[in-house]
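Work through the exercises below with the model open. Try each task before reading its solution.

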Amino acid sequence: MSTRQKVLDYIREFQQDMNYPPSLRDVQYGCGLKSPSVATYHLASLRVAGLIEYEPEIARTIRIAGA
């Protein structure tokens with residue numbers, strides 16, 4: 001499984017379990033990523049692909065696109 005898919009799955013599961021979106025640090029720790037910048041890179045690639053939506057400067061805005 002690619003890291004990108006792992007991040008997408010984590011976001012989906014976190015939202016279902018917690019009823020609110022994950023933070024950048026939640027994604028980092030939940031996916032076993034080394035740093036916040038690595039998490040940001042993967043989130044940005046998912047955003048460009050149209051799979052997620054978020055406001056970069058606002059906490060807990062990550063969500064699956066169209067959800």
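**Exercise 1: Fold**

Read along the sequence, the chain runs α-α-α-β-β. Helices (H or I, at least four residues) and strands (E, at least two) are DSSP runs numbered from the N terminus. The model is predicted: local features need pLDDT of at least 70, side-chain atom pairs count only at pLDDT 80 or more, and totals for chains, interfaces and linings use all residues. Residues are numbered from 1 along each chain as its sequence is written, and side-chain values use heavy atoms, leaving out hydrogens and water.

Task: State how many helices and strands the chain has.

Solution: The chain has three helices and two strands.

**Exercise 2: Helix packing**

Task: Find how the axes of α1 and α3 cross, and which residues meet.

Solution: Step 1. Axes are lines fitted to C-alpha atoms, for helices over the stretch in contact, with angles from 0 to 180 degrees between N-to-C directions. The axes of α1 (residues 3–18) and α3 (residues 36–48) come within 10 Å and cross at roughly 85°.

Step 1. Angles under 35 degrees count as roughly parallel, over 145 as roughly antiparallel, 65 to 115 as roughly perpendicular and the rest as oblique. Therefore α1 is roughly perpendicular to α3.

Step 2. Contact means heavy atoms within 4.5 Å. From α1, T3, R4, V7, L8 and I11 meet H42, L43, S45 and L46 of α3.

**Exercise 3: Overall size**
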